[in-house]
Amino acid sequence: MASFKPTNIPVYPKLGEKVTQDTLYWKNYKAPVQIKEFGAITNIDFSPVTPHNFAVTAFTRIHIYGPFSQEPVKTFTRFKDTAYCGRFRSDGQLLVAGCEDSVVRLFDVGGKVALRMFRGHTKAVHVTDFTSDRYQILTGSDDYTCRLWDIPNATELNVYQEHTDYIRCGITSKLNRDLFITGSYDHTLKVFDARVDKSVMSMDHGQPIESLLLYPSEGLLVSAGGRYVKVWDLLKGGQPLVSLRNHHKTVTCLALSSNGQRLLSASLDRHVKVYSTTNYKVVHNFDYAASILSLALAPDDESIVVGMTNSILSIKHRKSPEESREISGQQRRRPSYRVFVKGKNYVPKQDDYLVSKPVKQYLAKYDKQLKKFNVSKALDCALEKWIRLRNPEVPVAVIKELDRRGTLKNALAGRDEQQLSRLLSFLIGNLVDMRFAPVLVVAAEMILDIYRSILGQSPVIDRQLLRMQDLLEREIDYQKELVEVLGMLDTMFASSLPKMEVPCSSGFFVQNCSVLSGFFCWISCEGK
Amino acid sequence: MVEHGDIRVVHRGGSKIDFRQPVITNDSRFLLCASGECVKVFSTSTEECIHDLQGHTDLVTGVLLRPSNHLQVYSCSIDGTVRLWDFTDGILIKTYVIGCPVYSIYASANHEGVIFIVVPMLGDKRSELFQLVAVHLPQSGDQLVESRELSAVLSNVSSNPADIAFGRGGEYIASAKGLQLKVFFFKKQKSYEFSLKEDNKKGGLNTFTCVACHPKDDCIATGHGDGKIRLWRNFNHKKEYTYSTLHWHHNAVSSLCFTPEGTNLLSGGVESVLVQWRYNQESQRDFLPRLGAAITHIAVSPDGALFCTSHSDNKITIIQSCVKVSAVIQGLVKVLRLMARTKEGESVQTDLIVDPRSKALVLNGKPGHLQFYSLQRDKLLYNLDIVQQEYIHELGLEQFEVVKAAFDASGTWLATVEERKQKSAELEVNLKLWAFDEQTQSFVLNTTISAPHEARITAMCFRQATDSQTTMLVSTSKDGHFKAWQLATPAHTEDEGPSWSCDFVGTYHGLVPECCCFSADSSLLAVSFQEVVTVWSPTSWELLTTLSQPPGAIRDLCFGRLSCSKYLLGTTAKNLLCCWNLLTCSLEWSTSMDISLLLADPLSENMAAFCCQAGCTDLFVFKPSEPRPLFSHKAVCSGTVTRAVFAPREKMLDSCEENSQWLNRSQLHFLTQYMDLMTFTTKAEDDRLMASSKQLVIDDSVAMTPFYLLLGKHRHQQQENQDPMSSLSAERTPLPQSSVAIKELLQTPAHVLPSTSFLCSMFVQSLLISVTDLSGCRENNKKAEEEMESEKEEEDSEQEMESSIVRSEQAAVSVQSAECAAPALTKAQVRELRRLKKLDHSWLAGLLDS
């Protein structure tokens, strides 16, 4: 006697992203803390020393937040106009910031008033940075110049006038006190050596450059501009290594994860993408509510801070190991587990006499009903709310099984208004799903066949039928468009690749469309 | 059929064992069932076939235990004889010649020396009318007895054995046909007839399908076409009969059976559920569901402990008192059912394939299954569930059918295609790929591809790659595409394992591909598109060349093997066999033949072509490089052969005769139109088979109890002692119960026995062999004594003349043979024996002391 074979629930390939090491890592953050600032947040910089405070530049202020505070621990407000690019020195003691009014201000992190004011630029200064010897400041401005300043004397050391457009990003080398790189809206990025008066290297990015990043080894340079992120090999004289085009709007900010294995890019398209630096493939993706202007990662990736155009600062903290363990710990502490396995892991000894017990077959509720040939009850069980919403493939599989048994009509018939509306709402939810359409169209046709005589008696059912009609109309339009697109593609392929075999996949859509349209004609007739 | 002296066509396996109701013997150890021209004796515990009772020259139509001697069995056959057998030893005792075909046989303990058989009316073979006649079996010592004195009992009966049954110790006999039930009372010599209406209001079908009579009560149970069971009572009056109706089955009841005490009624039908009704409490039912296939017969052992059901898929199930299936005897599943439904020209069925790993023949089995059938052992190994869905036993329901299957070269992958066509809905096709699991030694589902093509799949083949990394499957379909499927390793390690995905889709001018074939080194793929053969490179998917020989679409494609691998052979619908040379891309030769099937031997260059000519099929075996066929056989069978396979042999034959050399490496099996599995054998092979079959008798007559072990050991030693001198050693060891002392010890209740110390010496004494009583003489005495005893037993149980005659004859023979053996002893041997005897004693003494 064979045992009952349960209904086969097909496993559909998951349409979402796959679970990888990366998704696990980047998902392991708490819900974001959102802080409203006064204007668009243009720059975020983490202090290199513990406790790793970070400076957020927004509108005319720079706020300094502690790692876990939701209120700023410090605020610099002495700007006449919009502040730009507040950056910490490598000892975390000094902070420099540019301003729309062309004055560069240097602050002591403990104080309030600017220690030094560097005047000389004629237009807004968007780029400021300390050199690695801590005594000089690099600035870049909309007056097409970048300058080096001496901190103790507050004097200008050098002016470089090689760019032909706004300078909107710049970075100093952490290893060499004389090297710095600037990127400009004239599509070029230039490497300068303070010991000579001219740039030593120039590279063409092809788009206005928004952001620059140096690898810790400083052999590779990453530039972002337009929709592109490009990686340059400085040791090979600025040879382009790879060009990434994963965003569909301008990339505004770049960041590197603490171990240098992952590169993050933020864009106006509201996404942050995480690339692997070995193969430059996107391994993860974050979505945000608004266009992102600035992005920073705390050391050891403890938190991700993102500033957006709608002046919202979003801070995501990493879950502590205890927290992430807590969830699994709760599962382990379930009391009944031990009771269940009691004696089951006992290994019989050599002389023991084994009495084998037949293994009990556990069946799902709908299978129990199917086993008893209770077709309506089986369908009811499969349409329970949590199954219907979470695993729509289960009700579909049961409907298919009933159809195979030739008893689908019996199962669908004889239902009251509530049950019928439940069925219809399930159909409306899943009818146009490509995976379920062939099965559900049959069921929908049967329902209309069975209940055509009572149409118009219940407003609830009628409304749902109208919704279904709407849905089908839209779906048919959509399929028609798809077929048109496919036709265009086919002609293009045929003209460009005359000799290659074209994998013709249009058949399915045509077929699917014909099925749906046939059904649609039917339902519209019924409606009339 | 024997044309070439040493090669002949023989039936292979697939004997039908569900034709008639099986019989369980009184001791429940054996099961007898009619199977073709012989009666098979199975062991109910081990499921093995113990031996065949061979002798009938035509289909055996009934098996019946002799009511007066439970060790003998009657069998009847279309050849017009009734034979009496001793089934334990497989000896034919008597043959009664009736003179006209016998369709079923009945007997009752009440009617001694009479059997009842169903024969055609007027003794005419072609007559559609049958009658039940009583045959008086003449008492005579001859082997062959003419018994032509038939006395008609009932006329116009059904030839189906389920439609006639004896009631209450043989007082009456009930027979049903169509809508009429006849009951004949032997005492009154009077028959009553009861008839039902054509059908009742609800569209029921009242025709009788089977009859069973209660063994103790006056009650007849009848099964009907609409699934009802009627219990008839009070039928010894013409008018005042009554019946009650039981209804559970939704289709015709195919078999009914009362348990020996009459407490339960068993019924079965197409639902494949065994239903047990309590007699007089019919509302209480027990079910044994999912027995696998429609139940055709039900039988109960005489002690009521075992039930057995035979099923339409050539299977007998043995059930222990309606709770547990204890054994399943499964023959080769016939797929006639499928052939009946297929439209002409397209058959919904897999090819015959050989599993490269187990060398088993693989073909459709139960619905939704593939059966693995061992050709060497003629036994069904197992059924692989392909569809994995609950089978709904209902007439007229479209089910998933396995239509294509293919193995890769090493047998690690199996691809199957199942399809289901409903009248209104679209065709449902699933392509499934199975991986062989070393641990469980079976195939495990790896990938299911639903709707791999938009239309029916026409052909499928694996790339026979030498390196296992690039396993590839190509499927062609009516939708005009052929697709290559490849095993892809997943990008992420979190996935369970590699799965199959589509690698390439190919078309050729929108034509429909019919067959596909990889070359021997799998560097080329040939796909036929109607009249055109396209040759592709599977590595780059380039179309290399096209070959065509119009008119007529290509029917079969085959690459040559080994030295002929440069040839590609194809058969066309317009009776043409073409051979292309792939080096020159030109036609090498072609000949006009109507070939229904072309296939290549995987182990040699040989090709086999089955040609259909004038309703018969001829076989040609040839090499593509040679113009003359190696072997040809006219009229292999009637009808066309569409399924055949070369099965590799376990051991190579070393025949050097020219026309049988092609059978050296592999054996050709084919399925005829009527789904008989046939094969070609050489004479040398036949002889070897005959020799080996004789050693296959299984002895499981003695239960292995601790006592048996003790005594058996003793016996064995004794036997070893006899070995050098006695030729009788091969005979079965007599049961230890034959000694009176042991019998006493074992059968007397413990509380009335004398003290153990007293018994012990007696018991040991009985086991010892006196030293003075010497070999030959002793053995003679012993033998004679045993025979005497067994004879006495026989006489105790039944006073049957014939059997005792036979027995005493046998005894005489054995005594004679023993006498012959005795004088051969020399003195040295006697001395040796004595020494051994002494040894024996000391061993036993030691045992007693401890």
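How many bridges pair S23(B) with strand S24 of chain B, and in which sense do the two strands run? In this predicted model, strand S24 covers residues 264–269 of chain B, and S23(B) pairs with strand S24 in the antiparallel sense over five bridges. Within this pairing, B:Cys257 stands opposite B:Leu266 in S24(B).

**Two open sheets**

S23(B) and S24(B) belong to an open sheet of four strands in the order S23-S24-S25-S26 of chain B, and the pairing in this sheet is antiparallel. The edge strands are S23 (253–258) and S26 (281–288) of chain B, each of which pairs on one side only. From one strand to the next, the twist averages 25°.

Chain A holds an open sheet of four strands in the order S18-S19-S20-S21, with antiparallel pairing. Here strand S18 (209–214) and strand S21 (239–244) of chain A form the edges, and each pairs on one side only. Neighbouring strands of this sheet are turned by 20° against each other on average, with direction ignored.

Inside the chain A sheet, strand S20 (residues 228–233) and S21(A) pair in the antiparallel sense over five bridges. One residue pair can be picked out here: A:Val231 has A:Val242 in S21(A) as its bridge partner.

**Backbone details in chain A**

| Residue(s) | Feature | Angle |
|---|---|---|
| A:Thr50 and A:Pro51 | cis peptide bond | omega about 10° |
| A:Asp301 | positive phi, not a glycine | phi about 55° |

Where do these residues sit? A:Pro51 is found in the loop between strand S2 (41–46) and strand S3 (54–58) of chain A. A:Asp301 is in the loop between strand S26 (292–297) and strand S27 (303–308) of chain A.

**Charged side chains**

The count of salt bridges over all chains comes to 32. One of them is formed by the side chains of B:Glu428 and A:Lys400, at 3.8 Å from N to O. This pair joins two chains, because B:Glu428 lies in strand S37 (residues 428–437) of chain B and A:Lys400 lies in helix H7 (residues 393–405) of chain A.

Which residues gather in a patch of negative charge on the surface? They are A:Asp470, A:Glu473, A:Asp477, A:Glu481 and A:Glu484. A:Glu484 has its place in helix H11 of chain A, which spans residues 459–496.

Note on methods:
Residues numbered from 1 in each chain as written. Chains lettered and ligands numbered in written order. Predicted model: local features only at pLDDT ≥ 70, side-chain atom pairs only at ≥ 80, totals over all residues. Heavy atoms only, no water. Patch = residues over 30% accessible without salt bridge, like charges linked within 9 Å, V, L, I, M, F, W, Y side chains within 5 Å. Areas by Shrake-Rupley, 256 points an atom, 1.4 Å probe, with all protein chains shown as cover. Salt bridge = Lys/Arg side-chain N within 4 Å of Asp/Glu carboxyl O. Lys, Arg positive; Asp, Glu negative; His and termini not counted. Charge placed at Lys NZ, Arg CZ, Asp CG, Glu CD. Pairing = 2+ DSSP bridges. Axes fitted to C-alpha atoms, helices over the stretch in contact; angles between N-to-C directions.
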